[in-house]
Amino acid sequence: MSDRLQILTNIRRSLGRDALAPAQQQPLEAALAAPQPNLIPAQTRLNGAALLERFVTKAEAALASVQRLGNLDELPAAIEAYLRQHQLPAALTVPESGLAALLGPQPLPFALLQRPARSGDAACLTGCFAAMAETGSVVLRSGAELPIGSGYLPDSHLVLLRSEQIVDCYESLWRKVRAELGTMPRSLNWITGPSRSADIGMSMQMGAHGPIRLHLLLLESP
Amino acid sequence: MTTPPDTPTVALFVTCLVDLFRPSVAHAAIELLEAAGCRVEVPSAQTCCGQPAFNAGDRRTARRLASQLLEAFAGYDHVVAPSGSCIGMWRQFPDLFAEDDPRHQQALQRQQSCHELSQFLVEVRGYRPPPLDGAPTFTYHDSCAGLRELGIRTQPRQLLAERGATLVEMPNAEVCCGFGGTFCNKFDTISNQMVSHKVEAAVASTAPLLLAGDLGCLLNIAGKVRREGVALECRHFAEVLADQLHRPAIGQPQPE
Amino acid sequence: MQNHSHEFDNLIGRALDDTQLRQSLSLLRFGLSFTRSRAMAELPEFDQLRDQAVAIKNHTLNHLDFYLERLEQQVKAAGGEVCWAVDAAAASQTILDLCRRHGVRNVTKGKSMMTEEIDLNARLEAAGIQVKETDLGEYVLQLRDEAPSHIVGPAIHLTVDQVADTFHQHHRAHGFEARTTEIPQMMREARTVLRKHFLEADMGITGANFLIAEQGSAMIVTNEGNGDLTAVLPRVHVVVAGIDKVVPTLEDASTLLRLLTRSATGQECAVYTTFFTGAKRSGDTDGPEAFYLVLVDNGRSQMLGSELKEMLRCIRCGACMNHCPVYGEIGGQAYGSVYPGPMGAVLTPALVGLERAHRLPNASTFCGKCEEVCPVRIPLPKLMRHWREQGFERQLEPLSFRFGLSLWSWVARHPPLYRLLTSLSVKLLNRLGRRQGYLRRLPLGRGWLAWRDLPAPQQQTFFASWEAKQNRGRGASDV
């Protein structure tokens, strides 16, 4: 008997029944086809300015830095200032060609490398699929020109997000995923602040393996 | 809440530790129950609630002792004990009997009418003790079973406050003292660490007196206090409520 | 990891003598208790979420076969493969086979208790495959060949100096000549060295906090990001998880996730929360070419039909051990098991047998703190008592204990004899101890008397004085 069959048989024996009949499976199937949210914490049900404020507060509490921009034109200067502030080389990796184009016409006040992030890159700029105000998280997904490694390999990870991309809670993210992507992508990554560990001497340090810094460039809608 | 006008009959479950080590606590309990307007009787066919056997995995003995107690205490309005852990055990009695066993029903009914002393006085009788001159300053140890199985935390504190005693909370009052019945003997080195922390916490409170509602905890803590030569008195809270402070505290020299 | 639960009593002694361990345990214990309380206070619906979590887990367990089959279907639809392993040996053999199938020589690992349970590292290393733990604490322990002392902080028993020595010994080969005790510098070193391992790995192995049947997704949470680098860089990603990890929907996983992080460390959210669904798709820029989910039973399907069923609700948050006063004194290594603390005391005998592990469920005062903090309301003391009942039937306790208990039990069932014997004993103990107020030397109770005195009883038992009073007629209460 295969391990698979043995395990399923053991489970059924323990539960005191045979495999579920189609009629018994039907309600379970129906529930899976139309998943319902469980209790959603009331404090997360926000919109408008309150939603935005919660996102920023939570992101900063998670030790991400947040910079609010009025329009896209401010982006190159904002990035240049950030690189200078942290004494990083004036070079930025941008995996998404569309995002690179958004930065505006050359010359930019830093070198732009349009390719997936590599280990050793000081700074990498990505967009995001969504952001969640519940926890101040940005959400990356896998796809074309969307290497997941860009959220982990560089020393500093910069994320451009628009305020319209911010949803209130986990459940709203799932609605967005189902609506826009149909099913889950190969990888869906919530990022809430920079990488950290306190495993050595119980002293919290940033940059355990992922980025040392997470900088959110928040483009507010007019 | 004034004391209800009825006079229920309360059967006192003395508990084996009170019976053996500190009967004055039972006398204090009787006094308090009478002051709260109850008629108190003490059924004679009582020995132990069976918790040592139950926790050691000997369900058969636990069942027999439970059976013995249910019978000895049948017919009384209430069963009251000066111990959260023993009443916690009484409330487990239904599980010891098969559902079709008449004793299961008996145990279920008794589950609703068995109480720890402070819980009974406050919640069932609405008893308010009169203030006592020279009521002491004390810190309080929350015995685990009473706290987590029965929800006892505010009741003894409330009674003591009404008595005029002054509470100074110690850090980690709700952390286990390391008694745990046979645990303190089976894992004595760990138990020793736990009781040492408890004594340190009590000392940190600066109160000269530690009160609690379970004699197991109290013997454990008082025994450690004595061994370390720490200046801390240990008593059951009933002793303060019944004004028994002239008696030696636990582990203190007794006059001839 | 090899089980050493039969050495529990020796290991306790060692733990209690380890000052560094005990200092760190104390800090961690009260720190984590504080952060959990704060997280709970900030989420008013915490207890309602617990109730929902219990319902979700119970429902899933009662339909476990259905959800596992659905999970398998969805993983396959996403281009992954599912391997079922009935026990630890089958699981590690399966993974070894996968290594051979893909010509794997270097493996990176995210933190996974299941891989410890099946003792995977030893199996792979014996076959000549290099395995690198990437969780920083686990990495240090791997270099030192030591077991973890805590689920959240595996290496808390180590001083900074000890870690510095270990790094100095192993990092020279990577170009770090100088020994340092500056923690930021040590982190940078570890980051650099492990980054190399991440990049050269052929296969990444992670566990899963939850497996989501609806989508065929495996979810992990980390604060370091090591799980993600383990999963995304190599050409093969293997997820190893117990069959009890499955939950129906993304929404159900969300509910459990809200409880998991708050219960474990008091965080609202971990830094990295990732959902893996199958293998690299056409169009994906990076990701593993092959994705495998290894579903491990190892006794869980049996537990499902036993008195231990409720244990399968466990989401491995660690709250029980973070709050346990016994674990708080001795740490994780003493249990000699993959799973320490209260949940370990329940699970370990099921995994390695009661004969080997029966001291674990006995090392509890039943204070109930574990059950109080468990996000899925597992009645841990009741389950530990179940093991004690089994142990009692199999006579696993020492003869002296069983005899003492039998004697007490028999006498207690005969009140008149009980009265006589207790009356005499108390009179004697009182006489011996009343002048001082306590007794220090007795032929019994060695464990008690080693550390405490025994308060002397009052003059006579309650019933001796009560009967005397009844005979005299009722008067003022006296002793």
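Reply: Start with polar contact: a pair of N or O atoms within 3.5 Å; within protein, one must be able to donate a hydrogen and the other to accept it, and residues adjacent in sequence count only if both atoms are side-chain atoms. Across the interface of chain B and chain C, that rule finds 33 residue pairs, both at pLDDT 80 or more. This is a predicted model: local features need pLDDT of at least 70, side-chain atom pairs count only at pLDDT 80 or more, and totals for chains, interfaces and linings use all residues. Residues are numbered from 1 along each chain as its sequence is written, chains are lettered from A and ligands numbered from 1 in the order in which they are written, and side-chain values use heavy atoms, with hydrogens and water left out.

Me: Why is the pair Asp453(C) and Arg227(B) called a salt bridge?

Reply: A salt bridge needs a side-chain nitrogen of Lys or Arg within 4 Å of a carboxyl oxygen of Asp or Glu. The closest N and O atoms of Asp453(C) and Arg227(B) are 2.7 Å apart, so the pair qualifies. Chain B and chain C have five salt bridges between them.

Me: What makes Glu72(C) and Arg4(A) a salt bridge?

Reply: The N to O distance is 2.8 Å, so this pair also meets the rule. Between chain A and chain C the count is 14 salt bridges. Polar contacts there number 57 residue pairs, both at pLDDT 80 or more.

Me: What area do chain B and chain C bury between them?

Reply: Buried area is the accessible area (1.4 Å probe) that two parts lose on being put together, summed over both. For chain B and chain C that is about 6200 Å², 58% of it on carbon and sulfur atoms. His27(B), Arg227(B) and Gln254(B) supply 12% of the area that chain B buries against chain C, more than any other three residues.

Me: And for chain A with chain C, which residues of chain A lose the most area?

Reply: The area buried between chain A and chain C is about 7000 Å². Arg186(A), Ile200(A) and His209(A) lose the most on the chain A side, together 14% of what that side buries.

Me: How do you know that β9(A) pairs with β9(C)?

Reply: Strands here are DSSP runs (E, at least two residues), numbered from the N terminus. Two strands pair if DSSP finds at least two bridges between them. Five bridges join β9(A) to β9(C), residues 272–276, so they pair; the strands run antiparallel. Leu188(A) stands opposite Phe275(C) in β9(C).

Conventions: Helix = DSSP H or I, 4+ residues; strand = E, 2+ residues; numbered from the N terminus.
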